Structures are given as structure tokens and as C-alpha cells.
Amino acid sequence: MIREASVAGGKAGYTESSPELEQWLARHIAQGFAADALVLSMLRSGYDDAFARRCVAAAFAQGTEAAVSARPAQPQAETAASSTPAVYAADGGDRRVPVLFRLASPQVQLFQQLLSDDECDALVALSRGRLARSPVVNPDTGDENLIDARTSMGAMFQVAEHALIARIEARIAAVTGVPAEHGEGLQILNYKPGGEYQPHFDYFNPQRPGEARQLSVGGQRIATLVIYLNSPEAGGATAFPRVGLEVAPVKGNAVYFSYLLPDGTLDDRTLHAGLPVAAGEKWIATKWLRERPYRSAA
Ligand SMILES: O=C(O)CCC(=O)C(=O)O
Ligand SMILES: [Fe+2]
């Protein structure tokens, strides 16, 4: 979240507003976060309950006014870019996380060292025992299939399955503002040389019966966080071809992109790919976030 909040962390009942707080609220409202999620985030950062509710309500009211007055004048991308605050650090709860870049439209951010080297190594070690070829949801049937467009091995962890995973999930909630309960289980992926994930969207297409089935628990996916657990020797960037962006896979860093637009539609500029690994291997942990609390149907 914001620096002021992290300074106040631990002190109950923090009641001082700041430009950073207002900007943080405006940005998360623009990203489509619900009022409850924002209040929860503020409480976790030590803000007073009544104060947090008042701030969030005021920010929503202001957001509505701003959206109405800005709409005829400017296309949305320009509005988002000009109102994006210059905040370069996120409160990771137990650590301060620098934000290396922030793209306003589509919403993409790069967190530096979200995980320490030791945490990355521990996640890889935990998942080695349960790697299997990564499936993809079949859009027609909803079944999970193996396809050539996704050549990686994966391991799934239940939410909070392990103390390390719970700690990482709390940190993810702190930097994204999306409550941990909205997260699917962390997925660890391992790509060998040549391994890739061809361009795709992470959200489900409700028109396809198999994908619609995925919406029944937790609703739509709204955002993705990809954490790099190692630095491949060559290749393996995460690419966003519709905006010409490639994010280098650097151990501990994490790329976050959210696709729920304020009008409720999904941002198809978040089309993305895991480019082929040219040398060495690539390990990532992916966290998909839902619009509502998520529990695996299984
Ligand atoms: O491998 C990557 O960089 C992207 C992974 C990805 O798109 C996913 O796990 O949904
Ligand atoms: Fe993806």
C-alpha cells in the first residue's frame, strides 16, 4: 500500500489521511476493487475502522464525479495515465516492495524482490515432489487438458497449505489490495529449454460452456501475479504482445496485471505469453485472483 500506512503499521487506529492514501484508493477503485477489500487492506495497515470506511466511501464518491466529468473530454487510456499516482513502493505487509514500473492501460506493475532468494528456493524445493504436466481448461467441456501451447510442469498448492505459502499469500494480498481469500491456490510452473506458454488470457470466457463452469466458484478472474522463482539463463520473458511489453524474468520479482475494467468488462490488452526458454530453465509461481472469495470446487 502506501508508505505512510506502513510506518503506521502495528499502531491501531491510525486516522491520518495523505495524498498517497487518496491516490492509492483512487487507483484501486479504478482497477475495480470492491469497497470491502479496500477497507480490509486499510485495517491490515493499521488504520482505524470507522476512518477507513469513511475514506473509502469518500473515494468512491469522488471517483464517480471524476469519471463523469472526465468521460467526454478524454479517452480512457489518457485519463488513467494522467491520474496514475507516482508511488514507487508498495507495502508488502512484512516487507516494503519497490514498484519498478507501472503501466496504466492495461494495468501492469512490476514488483521488485517480492520474494527473497531463500523464499524462491524454498518454493521450488516444496514443489519438486509434486510436479506434473500443466493442464489448460478446455473451453468447451471445462475439463483440464494437456496441449502443446502450454509446455510446462506444474504443482498446485492449496491456499495457506504451508506456513511459507500463507506468508507469501498475505504479502500478495498486501501489495495487490485483493484479499487472500480471493486467491486460487498458488501454482508453481517449471519450463525446460524450449518450454513456453503461448499467448492467452487468464480470465474465463463466459460464452464457452467449459469456462463458464469455472465462474461458479469465486466468479471471474480479475488479476494475475506471476512471481519469478529463478532467473533463466536466456529467454522466458513474460510478453504482452498487444502493448509491446516484455518483462524479464528475474528471481524474486513479480509482474502483476489486472483486467477488470471499471465498466465491468475485461481488458483484452492483457493478452500475454511466457516466451520460450532459450537456455536453462524457468520457475514461476502464479497466483490468480477472483472477484469473490474462492474455494476450490474439488
Ligand atoms: O510464464 C509466464 O511468464 C507466464 C505464465 C502465465 O501466463 C500464467 O501462468 O498464466
Ligand atoms: Fe497467463
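Predicted model: local features only at pLDDT ≥ 70, side-chain atom pairs only at ≥ 80, totals over all residues.
Glu 184 forms a salt bridge with Arg 290, and the closest N and O atoms are 2.6 Å apart. Glu 184 sits in the loop between H7 and S8, while Arg 290 belongs to strand S17, so the bridge ties together parts that are 106 residues apart in sequence. Arg 290 also counts as buried, because its relative accessibility is 1%.

## The annotated domain

The UniProt record, an unreviewed entry, annotates residues 182–291 as "domain: Fe2OG dioxygenase". The end C-alpha atoms of residues 182–291 lie 7 Å apart. By secondary structure, the span is 41% strand and 5% helix.

## The iron site

Three residues coordinate the iron ion (ligand 2): His 200 through NE2, Asp 202 through OD and His 272 through NE2, at 2.1 to 2.2 Å. Along the chain, the donors of the iron ion follow the spacing H-x1-D-x69-H. His 200 lies in strand S9 (residues 197–200) and His 272 in strand S15 (residues 272–274), so this pair ties together parts of the chain that are 72 residues apart in sequence.

Both histidines fall below the 20% limit for buried residues. His 200 counts as buried because its relative accessibility is 13%, and His 272 is buried with a relative accessible area of 5%.

## Helix H6

Helix H6 covers residues 117–128. At 1.5 Å a residue, its 12 residues should span 16 Å, and the end C-alpha atoms are 17 Å apart, which agrees. The buried residues of H6 are Glu 119, Cys 120, Leu 123, Val 124 and Ser 127. They cover an arc of only 135 degrees around the axis, which puts them on the same side of H6. An α-helix has 3.6 residues a turn, so residues three or four places apart point the same way.

The face of H6 turned away from the buried side carries the exposed residues Asp 118, Ala 125 and Arg 128.

## Other salt bridges

The model has 13 salt bridges by the distance rule applied here. One of them joins the side chains of Asp 268 and Arg 242, at 3.8 Å from N to O. This pair links distant parts of the chain, 26 residues apart: Asp 268 is in the loop between strand S14 (254–258) and S15, and Arg 242 is in the loop between strand S12 (238–240) and strand S13 (245–247). Asp 268 is partly exposed, with a relative accessible area of 39%, and Arg 242 counts as partly exposed at 45% relative accessibility.

Another salt bridge forms between the side chains of Glu 291 and Arg 292, at 3.9 Å from N to O. Glu 291 counts as partly exposed at 35% relative accessibility, as does Arg 292 at 43%. Elsewhere, salt bridges that share partners join Asp 94, Glu 119, Arg 167 and Arg 171 into one network. Glu 119 is also one of the buried residues of H6.

Notes: Residues numbered from 1 in each chain as written. Chains lettered and ligands numbered in written order. Heavy atoms only, no water. UniProt positions renumbered as here; feature names shortened; annotations may be inferred. Helix = DSSP H or I, 4+ residues; strand = E, 2+ residues; numbered from the N terminus. Expected span 1.5 Å × (residues − 1). Buried < 20%, exposed > 50% of the residue type's maximum accessible area, 1.4 Å probe, protein only. Arc of directions from axis to C-beta. Donors = N, O, S within 2.8 Å, 3.2 Å for Na, K, Ca; no water. Salt bridge = Lys/Arg side-chain N within 4 Å of Asp/Glu carboxyl O.
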